[in-house]
Amino acid sequence: MNERCPACGLVFEREHGYFAGAMVLSYALGVPILGVLTLVAWMVAGLEVGWAILVADLLFLPLVPLLFRWSRVLWIHLDRRIDPGG
């Protein structure tokens with residue numbers, strides 16, 4: 001991750017624990033996606049629930065890096081909206 005935004009100079013590297021809220025956002029974004037993938041694998045493909053969860057997990061793995069970045073971006077946007085000067 002860059003230390004600063006090349007366009008505006010915003011410092012990305014914050015204090016230890018700053019992105020703990022991003023983990024909550026990542027969870028909040030990931031659970032519905034994983035749930036939908038599981039339902040599709042279960043209902044459309046007709047797999048047993050255990051196999052549907054396994055297939056959904058495998059389909060979800062490539063999305064993890066994107067979700068990691070999205071959650072951090074959303075967290076920093078939320079922080080900047082709440083405390084613009086901070």
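Helices (H or I, at least four residues) are DSSP runs, numbered from the N terminus. This is a predicted model, in which local features need pLDDT of at least 70 and side-chain atom pairs count only at pLDDT 80 or more, while totals for chains, interfaces and linings use all residues. Residues are numbered from 1 along each chain as its sequence is written, and side-chain values use heavy atoms, with hydrogens and water left out.

*Helix α3*
- Leu67, Ser71 and Ile76 are the buried residues of α3 (under 20% relative accessible area, with exposed over 50% and partly exposed in between; 1.4 Å probe, protein chains only).
- Seen down the axis of α3, its buried residues fall within an arc of 165 degrees (taken from the directions from the helix axis to the C-beta atoms), so they line one face of the helix.
- Arg69, His77 and Arg81 are exposed on the other side of α3.

*Helix α2*
- The buried residues Ala52, Ala56 and Phe60 belong to α2.
- Because these buried residues of α2 fall within an arc of 70 degrees seen down its axis, they line one face of the helix.
- Gly50, Trp51 and Leu58 are exposed on the face of α2 turned away from its buried side.
- Both α1 and α3 are included in what covers the buried residues of α2.

*Contacts of Ala22*
- Ala22 is in contact with Ser71, Arg72 and Trp75, leaving aside its neighbours within four places in sequence.

Key. Contact means heavy atoms within 4.5 Å. Helices (H or I, at least four residues) and strands (E, at least two) are DSSP runs, numbered from the N terminus.
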